[in-house]
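Please walk through this model, starting at the ligand and ending at a pair of helices.

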Amino acid sequence: MTTSRRPDVDALVDRYGRVATDLRVSLTDRCNLRCSYCMPPEGLPWLPGPQILTDDEVARLVRVAVERLGVTEVRFTGGEPLLRPGLTKIIAAAAELSPRPTLSLTTNGIGLDRLAEPLRGAGLDRVNVSLDTLDPERFTQIAHRRRLPDVLAGLAAAERAGLQPVKINAVLLRGINDGEAAALLRFALERGYELRFIEQMPLDAQHSWNRAEMVTAAEILAALRAAFTLLPDPAERGGAPAETWLVDGFARPDGAPARVGVIGSVTRPFCGDCDRTRLTADGQVRACLFATTESDLRTALRDGADDEELARRWRIAMWGKLAGHGIDNPAFLQPARPMSAIGG
Ligand code: SAM
């Protein structure tokens with residue numbers, strides 16, 4: 001059902017009855033890897049420093065989101081958020097908010113061996129670490145950096161620091177690591193990590209995504225089922241992007257059933273249940289990963305807007321959220337910004 005007049009409520013509602021409570025905050029567009037599905041080996045022109053929100057500006061916008069807009073979950077991402085010098089301070093500020101949001105981080109894990117403990121101490125609840133392969137050579141082929149040992153050390157440190165459940169994100173690329181689905185799941189199950197496969201999306205800076213080449217959710221599930229028995233997951237999915245299954249015969253260290261997830265953004269879109277709102281490192285609100293428009297909070301903030309004015313602009317931006325990302329629509333336009341600049 002759609003309605004054209006925005007009801008006078010604080011929450012981030014849209015015309016399709018969805019309410020955004022999950023905020024993704026990009027802290028930088030820079031990254032120390034060059035994953036081929038995200039950016040070219042030579043990197044990208046980074047956002048100029050003065051355009052990037054300061055730590056205090058990020059903390060303020062997160063506060064507005066939590067205190068005025070009903071956001072209950074904040075995930076910090078990038079680019080690579082561990083490259084942001086003020087990360088611990090930003091997390092500590094978010095952890096002081098009331099009601100306290102759940103705080104998580106999506107990271108490639110490089111540096112987490114050093115930072116997991118301080119981040120946990122600052123109030124971080126959970127991490128998602130990206131890991132596409134267990135093979136060092138293949139890792140270098142995909143990410144153009146020889147850093148697999150750093151990622152594995154980061155994962156182990158996250159576990160030791162109690163950032164649990166530790167989740168892993170994996171993207172499978174045809175002809176490169178698509179034979180590794182079962183091995184990645186075994187690796188995760190043996191360590192009590194929760195693995196999620198993400199279908200490759202058209203968000204790479206090079207615009208080289210090709211629907212026909214993409215490894216689909218159905219293919220990933222078939223590869224997993226060849227090695228494991230997957231059972232329906234009785235847990236409510238809610239707005240979660242991943243469809244999850246229980247892995248028969250496996251449990252997490254805390255006794256909970258072991259799960260595996262597949263995020264079928266392209267072939268099994270979940271836009272109807274999307275509860276996400278996004279803030280880029282340069283202070284732009286995006287209603288969707290695939291949005292082609294943004295709402296500039298940075299300028300308003302630097303021009304002296306008060307909290308309620310920032311909240312009002314954010315509400316308007318989300319009211320305009322489209323029904324779906326439209327990847328399957330022949331008129332689909334890839335957003336001008338790549339994933340690394342939007343915040344994945
Ligand atoms: N640097 C951090 C990391 O590696 O997790 C955070 C940012 S990264 C953009 C967030 C997630 O998006 C990663 O799990 C990455 O694999 C995924 N990702 C990047 N580009 C993608 C694409 N084109 N399709 C699907 N997932 C993508």
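A backbone N or O atom of Tyr 37 lies 3.0 Å from a nitrogen atom of the ligand. That makes a polar contact, a pair of N or O atoms within 3.5 Å. Glu 80 uses its side chain: one of its N or O atoms is 2.9 Å from a ligand nitrogen. An oxygen atom of the ligand is 3.2 Å from a side-chain N or O atom of Asn 169. Alone, the ligand exposes 540 Å², and the protein buries 95% of that (Shrake-Rupley areas, 1.4 Å probe).

This is a predicted model in which local features need pLDDT of at least 70 and side-chain atom pairs pLDDT 80 or more, while totals for chains, interfaces and linings use all residues. Numbering runs from 1 along each chain as its sequence is written, and side-chain values use heavy atoms, without hydrogens or water.

Now the shell. The ligand is surrounded by 18 residues, each with a heavy atom within 4 Å of it. Tyr 37, Gly 79, Glu 80, Ser 130 and Met 201 are the closest. By class, the shell holds 6 nonpolar, 10 polar and 2 charged residues; Asp, Glu, Lys and Arg count as charged, Ala, Val, Leu, Ile, Met, Phe, Trp, Tyr, Cys and Pro as nonpolar, and the others, Gly among them, as polar.

Turn to the helices (DSSP runs of H or I, at least four residues). The axes of H2 (residues 87–95) and H3 (residues 112–122) come within 8 Å and cross at roughly 25°. Axes are lines fitted to C-alpha atoms over the stretch in contact, with angles from 0 to 180 degrees between N-to-C directions. H2 and H3 are therefore roughly parallel (under 35 degrees).

Definitions and conventions: Polar contact = N/O pair within 3.5 Å; in protein donor to acceptor, adjacent residues only side chain to side chain. Helix = DSSP H or I, 4+ residues; strand = E, 2+ residues; numbered from the N terminus. Parallel < 35°, antiparallel > 145°, perpendicular 65-115°, else oblique.
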